[in-house]
Amino acid sequence: MRYSKDHKQATRQRIIEAAGRRFKEDGIDGAGVATVMSDAGLTNGAFYAHFTSKEDLLANVLADQLRNQRASFDAEPSDRAGLETFIRAYLSPEHRDDCAEGCPSAALLDEIVRRPAVTKKAFTGELTGLMDEIAARLDPTDLEATRTNALTLFALMVGTLQLARALTDRDLSDQLLEQGAETALKMLDDLAR
């Protein structure tokens with residue numbers, strides 16, 4: 001039985017979404033193809049109709065997740081209020097507690113560093129797009145110079161979220177998230193000067 005192109009694309013997307021959740025939950029190396037395919041409600045045999053390897057899947061997952069994160073950011077107001085909303089949502093207890101549905105950078109960055117160049121290139125390309133969106137809100141007149149500021153701001157947010165997830169003391173973790181958000185907002189003020 002032949003499936004339509006739309007069906008194949010929908011199935012591929014289902015695999016990407018299942019893998020994204022599983023990779024962020026169990027780690028890249030902790031999530032096997034069989035588990036991902038089971039999560040997607042498919043058999044292992046269907047995997048190679050969509051991806052050449054697990055690494056190919058990972059590169060597609062990272063690109064998809066970062067595009068979705070960028071689209072979510074783009075939906076916010078295009079001023080400081082939009083940046084503040086993004087920062088507060090990112091550094092929230094809800095985001096901390098829902099790793100599987102959260103930011104791929106915070107969940108997988110330490111593993112992406114050790115991946116092949118093609119995977120890191122997919123990550124870098126999509127992350128740069130998100131950083132350009134943030135930079136445009138910081139200073140639309142000089143995106144190149146402001147991109148580094150956007151990366152610095154995002155690095156603060158990612159590191160804060162990672163550390164907050166690692167702490168077993170919930171009160172301390174909550175305090176860290178709140179202070180991280182306040183520090184990020186102060187950075188916005190400093191960059192606006």
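In which helix is Ala164 found? Ala164 is in helix 8. Keep in mind throughout that this is a predicted model.

Let me stay on Ala164 for a moment. Is this residue, Ala164, buried or exposed? Its relative accessible area is 0%, so Ala164 counts as buried. Leaving aside residues up to four places away in sequence, Ala164 touches Arg96, Ser173, Leu176 and Leu177. There is also Pro93, which is 71 residues from Ala164 along the chain, with 8.8 Å between the two C-alpha atoms.

Now the helix pairs. Two packed helices are described by the angle between their axes and the distance between those axes. Take helix 8, residues 143-166, and helix 9, residues 170-192: their axes come within 9 Å and cross at roughly 175°. An angle over 145° counts as roughly antiparallel, and helix 8 and helix 9 are therefore roughly antiparallel to each other. On the helix 8 side the contact includes Asn149, Leu153, Leu156 and Ala164. From helix 9 the contributors include Ser173, Leu176, Leu177 and Gly180. By class, this contact of helix 8 with helix 9 has eleven nonpolar residues, six polar ones and no charged ones.

What about helix 7, residues 117-138? Helix 7 packs on helix 8 at about 105°, and the axes are 8 Å apart. That angle makes helix 7 roughly perpendicular to helix 8. Among the residues in contact are Leu127, Met131, Asp132 and Ala135 of helix 7, and Leu143, Arg147, Asn149 and Phe154 of helix 8. The class count for helix 7 with helix 8 is twelve nonpolar, three polar and two charged residues.

How many aromatic pairs does a search of the whole structure find? The search finds five. Phe47 is at 0% relative accessibility and counts as buried, whereas Tyr48 has a relative accessible area of 58% and is exposed.

Elsewhere, ring pairs link Phe154 with Phe73, Phe86 and Tyr90 into a cluster. What lies over the face of Phe73? That is Arg137, at 4.0 Å from the ring centre.

That is where I will stop.

Definitions and conventions. Residues numbered from 1 in each chain as written. Predicted model: local features only at pLDDT ≥ 70, side-chain atom pairs only at ≥ 80, totals over all residues. Heavy atoms only, no water. Phe/Tyr/Trp six-rings, centres within 6.5 Å; stacked < 30°, edge-to-face > 60°. Buried < 20%, exposed > 50% of the residue type's maximum accessible area, 1.4 Å probe, protein only. Lys NZ or Arg CZ within 6 Å of the ring centre and 35° of its normal. Axes fitted to C-alpha atoms, helices over the stretch in contact; angles between N-to-C directions. Helix = DSSP H or I, 4+ residues; strand = E, 2+ residues; numbered from the N terminus. Parallel < 35°, antiparallel > 145°, perpendicular 65-115°, else oblique. Contact = heavy atoms within 4.5 Å. Nonpolar A, V, L, I, M, F, W, Y, C, P; charged D, E, K, R; others polar.
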